[in-house]
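Here is a short briefing for a reader who is meeting this structure for the first time.

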Amino acid sequence: MRKRNGLALIMKSVPVFLYAAAHPTGKALDTIRRELGYYRPNFMGNQWAGWTMPDMLLEKPDEGPSEASRARGITMIGARPWVALYNIPILSTDFSVARRIARMVSARGGGLPTVQTLGLVHGEDSTEIACMLLEPNQIGADRVQNQVETLAVEEGVEVEKGYFTDFSPEMIIEKYMNLTSAQRD
Ligand SMILES: *[C@@H]1O[C@H](CO)[C@@H](O)[C@H](O)[C@H]1NC(C)=O
């Protein structure tokens, strides 16, 4: 009950975009992000360093107000099978290299199916390839890591072992179990 009230409150105060099974026509998350300008380069010419929210949203949200406040931002709510988020550091400050590798490893660029990528600026001395693995049980982090390492050799750059930026389903269940058993004690 508390959860449902919380959700109703979010839907009134911030623009809410629905994706995948939560959206009437199953709109994909990356389509919505693209429409909102999420991936548009915004740092030193052609680089991407996190989303800077436009003052006015161009697309009408599925719920809530059409204007976003900077303090509250927007919310995306979707229902879809588990996605793994895996980032791979590239030891080069040449962003065009990261972007090229990101493109080649992604499904959009003709690389690994079910893999979406984004080249990122990461601090002052490296770049990163952020990967969304839409079917992590079919094409997992190992495959992506191998592919990126192969492409990096061709580009003459070094790559570090990647890391997950979200929890695995097993980890979430374990955390939940820990939480509920702590409450019982
Ligand atoms: C759950 O609790 C155990 C025992 O305290 C701990 O070792 C483990 O790291 C916890 N798991 C998570 C995901 O927090």
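**Surface patch, ligand and a loop serine**

W82, F167, M171 and I172 make a nonpolar surface patch of about 370 Å². Patches take residues with over 30% relative accessible area and no salt bridge, joining nonpolar side chains (Val, Leu, Ile, Met, Phe, Trp, Tyr) within 5 Å and like charges within 9 Å; a salt bridge is a side-chain nitrogen of Lys or Arg within 4 Å of a carboxyl oxygen of Asp or Glu. The model is predicted, with local features needing pLDDT of at least 70 and side-chain atom pairs pLDDT 80 or more, while totals for chains, interfaces and linings use all residues. Residues are numbered from 1 along each chain as its sequence is written, and side-chain values use heavy atoms, without hydrogens and water.

**The ligand**

- M171, E174, K175 and N178 surround the ligand, each having a heavy atom within 4 Å of it.
- A polar side-chain atom of E174 lies 2.7 Å from a nitrogen atom of the ligand, and one of N178 lies 2.4 Å from a ligand oxygen atom.
- Of the 370 Å² of accessible area that the ligand has on its own, the protein covers 40% (Shrake-Rupley method, 1.4 Å probe).

**Two loop residues**

- W82, in the loop between β2 (75-79) and β3 (84-90), counts as partly exposed because its relative accessibility is 37%, where buried means under 20%, exposed over 50% and partly exposed in between (1.4 Å probe, protein chains only).
- S92, found in the loop between β3 and α3 (95-105), is buried, with a relative accessible area of 12%.
- The S92 side chain reaches the backbone nitrogen of D94 at 3.0 Å.
- Helices (H or I, at least four residues) and strands (E, at least two) are DSSP runs, numbered from the N terminus.

Terms used
A polar contact is a pair of N or O atoms within 3.5 Å; within protein, one must be able to donate a hydrogen and the other to accept it, and residues adjacent in sequence count only if both atoms are side-chain atoms.
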